[in-house]
Amino acid sequence: MSDLKKILSNFAKEQIANENLAGLKSLRQKALDEFIEVGFPGKKDEDWQDLNIDRFLKKNYSFECSPTHEIDDFSCQMVDIDSSKYYLINSKKLIENNGHIKSEISVKNILDTDENILNQHFNKIAKDDNNGFNLINTAAFTGGFFINVPDNTNAEIPLQFISLNNCNNNSFSNIRNLIIVGRNSTVKIIQCDDTIHNNDYFINSLTEIFVAENSNVELYKMYNLSNYSAAINSIYINQEENSVFKSFYFELNAGLLRNNLYTNLNGKKAESLTYGIYFADKQQQMDNNVRINHIAPSCYSEQIFKGIVDDMGQAIFNGLIVVDREAQKTVASQINRNILLTDKAKTVAKPFLEIYADDVKCSHGATNGQLDENALFYLQARGISFEKARMLLLHAFVGEIINKIKIEAISLRINDLVKKRLNGELSDCSSCVLKCSDAKVNKECY
């Protein structure tokens, strides 16, 4: 047994011993037993074989965090957006700044959630027994967000949920989130994982989302971690009839990021719209693993992921659309496009369709390329410097995703962050991205 596996297993045993809810205690123990048997995924597992995760699993981590200072205000960089904010500090401490959130919407630490709700929803979608990260998350999680949006609720302003690692030591955290959206409801969620210091962090986050019929959910997920940090983020979604789930993923920085996105379209005429932008430079790895299960008829899904890879960075995209036999009149599309800026930059793209119905419209595609030399020459011939022309073309490349954001304040802020990332020549411009609250501040970002 590896050192980290052994230490994590012992930590999980402590969590199980302290668990007061009988049903959850049993689930934790079962997950731990399975984790001890299967361990972490690696080169032997097809879905993980292109990801070099061993270098992060060999590090020494602590499970007891020593915070450096309190965070006065940290807002996923969405500082100019009218929203209700919730902070989860070091996966345990929940701080509210809820302003004018609708009182019927419930937000708690998942550890304080009603046992009946947990028995009904917890671990009902995220059943991947071969994924050791899911198993150890279930066995050892120390906190997370629980969000309950009742039937017939219209959340007029977005909700921000910030998982912030504020430790002065290297830490491994297991965060568990549960989101329940009732019938005929609308909610917009901004969620980000971030770190304050350049320590060695490993964030293992798992989220289950239940979207009832006729509801509309928008999720904006941001990552801006240090080059020393790794994150495994797994999101499992169940959608019922006539529901719409629209999600955006902005992967600005991380030493390693694995983004697992699994959606079940259980009810007819459900829609899943999934968009992503990722940047990788130095030796960063960005891995997006997306699966859409079309279970009911007349459903629609769209996936578009775009990446820019520099230096010795690596980007991986595994996309799978599964259309069940009963899912007639399915319409589904999947696109992955990458720009490689050096000869050593690497991408792996595996789009895949698995179709068992005959009345469907499905498509997929993946492309890798470099910047258009003719376009660069055209811009330079008109007096624009090479670096500025390069930035303009890269920004236009990812602009397709940004333009799909219909909330103007969020669109402007994402656009600002992307420009800062590009102007840092795809480096970790943490002094800008993490600290700049206004585009006019810190001129060195430009």
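Buried means under 20% relative accessible area, exposed means over 50%, and partly exposed lies in between (1.4 Å probe, protein chains only). The model is predicted: local features need pLDDT of at least 70, side-chain atom pairs count only at pLDDT 80 or more, and totals for chains, interfaces and linings use all residues. Residues are numbered from 1 along each chain as its sequence is written, and side-chain values use heavy atoms, with hydrogens and water left out.

**View 1. Lys44 pairs with Asp45 in a salt bridge.** A salt bridge is a side-chain nitrogen of Lys or Arg within 4 Å of a carboxyl oxygen of Asp or Glu. Here the closest N and O atoms are 3.8 Å apart. Lys44 is exposed, at 63% relative accessible area. Asp45 is partly exposed, at 21%. Elsewhere, shared partners link Asp151, Arg183 and Glu213 into one salt-bridge network. The structure holds 17 salt bridges.

**View 2. Glu19 meets Arg28 in a salt bridge.** Side chains of opposite charge can pair when their charged atoms come close. The closest N and O atoms of Glu19 and Arg28 are 3.0 Å apart. Are these two residues buried or exposed? Both Glu19 and Arg28 are buried.

View 3. Helices (H or I, at least four residues) and strands (E, at least two) are DSSP runs, numbered from the N terminus. Lys30 is partly exposed, with a relative accessible area of 48%.

**View 4. Nine strands make an open sheet.** Two strands pair if DSSP finds at least two bridges between them. The order is E3-E4-E6-E8-E10-E12-E14-E16-E18, and the pairing is mixed. Strands E3 (106–109) and E18 (346–355) stand at the edges. Each has a single partner strand, so one side of each lacks a neighbour in the sheet.

**View 5. Strands E4 and E6 run parallel.** E4 spans residues 145–149, and E6 spans residues 171–181. Four bridges join them. Val149 has Val181 in E6 as its bridge partner. Helix H5 (residues 132–140) packs on the sheet. H5 touches E6, E8 (201–211) and E10 (230–239), where contact means heavy atoms within 4.5 Å. The direction of H5 makes about 85° with that of E8.

Note on methods: Axes are lines fitted to C-alpha atoms, for helices over the stretch in contact, and angles run from 0 to 180 degrees between N-to-C directions.
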